[in-house]
Amino acid sequence: MSVKIFLLDIETKPILAYVWGLFNQNVATNQIKEDWSILSFAGKWLGEKYIFFFSTQKESEKELLLRIWTLLDEADIVVAHNADRFDVPKINARFLKYGIPPPSPYKVVDTLKSLRSNFKLTSNRLDYVGKLLGSEGKLATGGMQLWIDCLNGVPKAWDLMEEYNKQDVLELEKLYVKIRPWITNHPNIGLY
């Protein structure tokens with residue numbers, strides 16, 4: 001049996017809220033009109049070509065989460081950029097909301113934390129580090145407008161979101177492979 005390493009990236013829907021202004025706002029929970037949720041998810045097994053992509057364009061968030069759950073349940077190690085503070089807790093929060101139990105235990109490798117603890121780079125953003133290491137970097141999206149267009153059901157926006165989400169996973173894989181020898185607390189692959 002070999003170790004199963006899964007690389008993942010999620011995109012979330014922004015919170016819609018009632019606010020009094022544009023600068024320095026403190027938003028109370030009673031000002032939230034619509035809470036955040038997971039908009040899309042891309043992932044792949046290390047070394048394999050196929051990239052999974054699921055979105056709320058074609059299925060409910062709960063269906064999307066059940067797909068994520070199946071992949072995480074199979075993984076021994078999950079790799080994401082900012083996994084510990086974003087991707088994993090956000091996924092877990094939505095599992096909790098829908099009453100989905102935790103998947104089988106897996107180890108997490110957070111490439112953002114690994115960069116911060118091992119290097120003093122100008123930026124630890126995936127786009128910057130990818131380009132620094134000779135890859136394409138992240139796909140340009142035009143910013144928040146892409147998310148707004150997806151929420152409004154614009155088909156071309158969803159096509160771009162899929163491309164963007166998948167490109168992040170490819171960049172993540174390249175980064176992970178390059179920095180893995182530097183990750184001193186990496187789970188012991190020999191145990192698998």
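**View 1. Helix 2 and its packing partners.** The buried residues of helix 2 pack against strand 1, strand 4 (37–45), helix 1 (61–74), strand 6 (77–80) and strand 7 (107–110). Here, helices (H or I, at least four residues) and strands (E, at least two) are DSSP runs, numbered from the N terminus, and contact means heavy atoms within 4.5 Å. The buried set consists of Ala83, Asp87, Val88, Ile91, Arg94 and Phe95. Buried means under 20% relative accessible area, exposed over 50%, and partly exposed in between (1.4 Å probe, protein chains only). You are looking at a predicted model, where local features need pLDDT of at least 70 and side-chain atom pairs count only at pLDDT 80 or more, while totals for chains, interfaces and linings use all residues. Residues are numbered from 1 along each chain as its sequence is written, and side-chain values use heavy atoms, with hydrogens and water left out.

**View 2. The bend in helix 2.** Follow helix 2 along residues 83–98 and you will find a bend of about 35 degrees at Pro89. That bend is the angle between axes fitted to the seven residues ending there and the seven starting there.

View 3. Arg94 and Glu61 join their side chains in a salt bridge, 2.8 Å from N to O. Arg94 belongs to helix 2 and Glu61 to helix 1, so the pair ties together parts that are 33 residues apart in sequence. Both Arg94 and Glu61 are buried. A salt bridge is a side-chain nitrogen of Lys or Arg within 4 Å of a carboxyl oxygen of Asp or Glu, and the structure holds 10 of them.

**View 4. A salt bridge between two strands.** Lys13 pairs with Glu34 in a salt bridge, with 2.3 Å between the closest N and O atoms. Because Lys13 lies in strand 1 and Glu34 in strand 3 (residues 32–34), the pair ties together parts that are 21 residues apart in sequence. Lys13 is buried, at 13% relative accessible area, whereas Glu34 is partly exposed, at 35%.

View 5. Glu171 and Lys174 form a salt bridge, their closest N and O atoms being 3.7 Å apart. Both lie in helix 6 (residues 155–179), three residues apart, or about one turn of the helix. Glu171 counts as buried at 2% relative accessibility, while Lys174 counts as partly exposed at 39%.

Key
The expected span of a helix is 1.5 Å times one less than its number of residues.
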